[in-house]
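Have a look at the sequence and the fold first, then read on.

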Number of protein chains: 2
Amino acid sequence: MGPLDGYLPYLLNRAGARIAMAFSDEVRPLGSTLQIWRVLAALRERDGRRMGDLSETISIEVSTLTRLVDGMEKKGLVARRRDAADARAVTLHVTPAGRRMTRIILPIAERYEKVAIEGFSEAEVMVLKTALRRLFDNMDGLRKS
Amino acid sequence: MGPLDGYLPYLLNRAGARIAMAFSDEVRPLGSTLQIWRVLAALRERDGRRMGDLSETISIEVSTLTRLVDGMEKKGLVARRRDAADARAVTLHVTPAGRRMTRIILPIAERYEKVAIEGFSEAEVMVLKTALRRLFDNMDGLRKS
DNA sequence: CGTATTTATTTGTATTTACAAATAAATACG
DNA sequence: CGTATTTATTTGTAAATACAAATAAATACG
């Protein structure tokens, strides 16, 4: 166990990369990708989000998101709509096909959540999640100063 | 706080993405990138690693790593050497310029570690790091079965 | 009201990345 | 020993990504 193993950003990246890779491998045969799932999951939480909101929420650069959404639209998973209140903005809406895809992937995502925290006590999971939220906020603070 | 905020892979990705972005912004003006730093940090831990070992360690696809190392070699940060014991393998070695770059970036990396865990108790940091290692192992187990 | 500035998204384009195929050396084993 | 298989890396190539510029609508404010 070298210095890397004690370095938090390293541990974070390593854990994230592993989950991402495993999950990607699993949803690809279903005609989806991790990024597509991120969009669907964010829209499941709240449909009709704007591109910018979505970008912030799922940590995907907005120019990257535009093209990701292009693809999802072509697949019929989502539909763009011009925001009625502000014509600059575009809102995204899941279609029936998108909901179908969500229904297929959701159990997989739930399984990953379980596998990831296997062997953890409730309290440890709580501390972990709280820590990750706090860590995010700490970095967010840095961004503005 | 919607369902996403309770979903561990989401929290993990979000925290990792934020640190990565902030760190990238900071090292770019110094002529480096996050990926370059990952290689340098891994070689700092142990010089003369093989490509495959490096790839595993820093979670960068080996074909991606090849081209990343191409660039680092052109910048004079590292040198490839054919492994004496096994001519299939290539070992990577930091150069003086690479060590210089490491010396410049290391304090930044250390600062990020500190900022990330600001407000955390020692115990919380311990739990967090242990959890991230365990989480990684859990996913690793899945990969083989 | 009309122009300047800000905000939201998209597009241009170069770089990064990933999967698969190619290369090359080591090992297995008939 | 020689051929088949495995292992380590690189290369081909298409897709994903990011930064900057372009577009377009809203807001500020003279």
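Predicted model: local features only at pLDDT ≥ 70, side-chain atom pairs only at ≥ 80, totals over all residues.

How many helices and strands are there in chain A? There are six helices and three strands in chain A, counting DSSP runs numbered from the N terminus (H or I of at least four residues for helices, E of at least two for strands).

## Ground rules

Residues are numbered from 1 along each chain as its sequence is written, chains are lettered from A and ligands numbered from 1 in the order in which they are written, and side-chain values use heavy atoms, with hydrogens and water left out.

## Chain A on its own

Reading from the N terminus, the elements of chain A go α-α-β-α-α-β-β-α-α. The C-alpha trace of chain A spans about 50 × 40 × 25 Å along its principal axes.

A:Pro3 sits in the segment before H1 of chain A. Its C-alpha atom is 40 Å from that of A:Val69, which is 66 residues away along the chain. Leaving aside neighbours within four places in sequence, A:Pro3 is in contact with B:Arg44 and B:Glu45 (contact means heavy atoms within 4.5 Å).

## Where the chains meet

On the B side, 53 residues are in contact with 53 residues of chain A. The area buried between the two chains is about 5,400 Å², and carbon and sulfur atoms give 66% of that; buried area is the accessible area (1.4 Å probe) that two parts lose on being put together, summed over both.

Four salt bridges turn up across the interface, a salt bridge being a side-chain nitrogen of Lys or Arg within 4 Å of a carboxyl oxygen of Asp or Glu. One of them joins the side chains of A:Arg18 and B:Glu56 (3.4 Å, N to O). Helices H1 (8-27), H2 (34-45), H3 (51-58), H5 (96-116) and H6 (122-144) of chain B each supply at least two residues of the side that touches chain A. The largest share, 15 residues, comes from H6(B). That side of chain B divides into 30 nonpolar, eight polar and 15 charged residues (Ala, Val, Leu, Ile, Met, Phe, Trp, Tyr, Cys and Pro count as nonpolar, Asp, Glu, Lys and Arg as charged, and the others, Gly among them, as polar).
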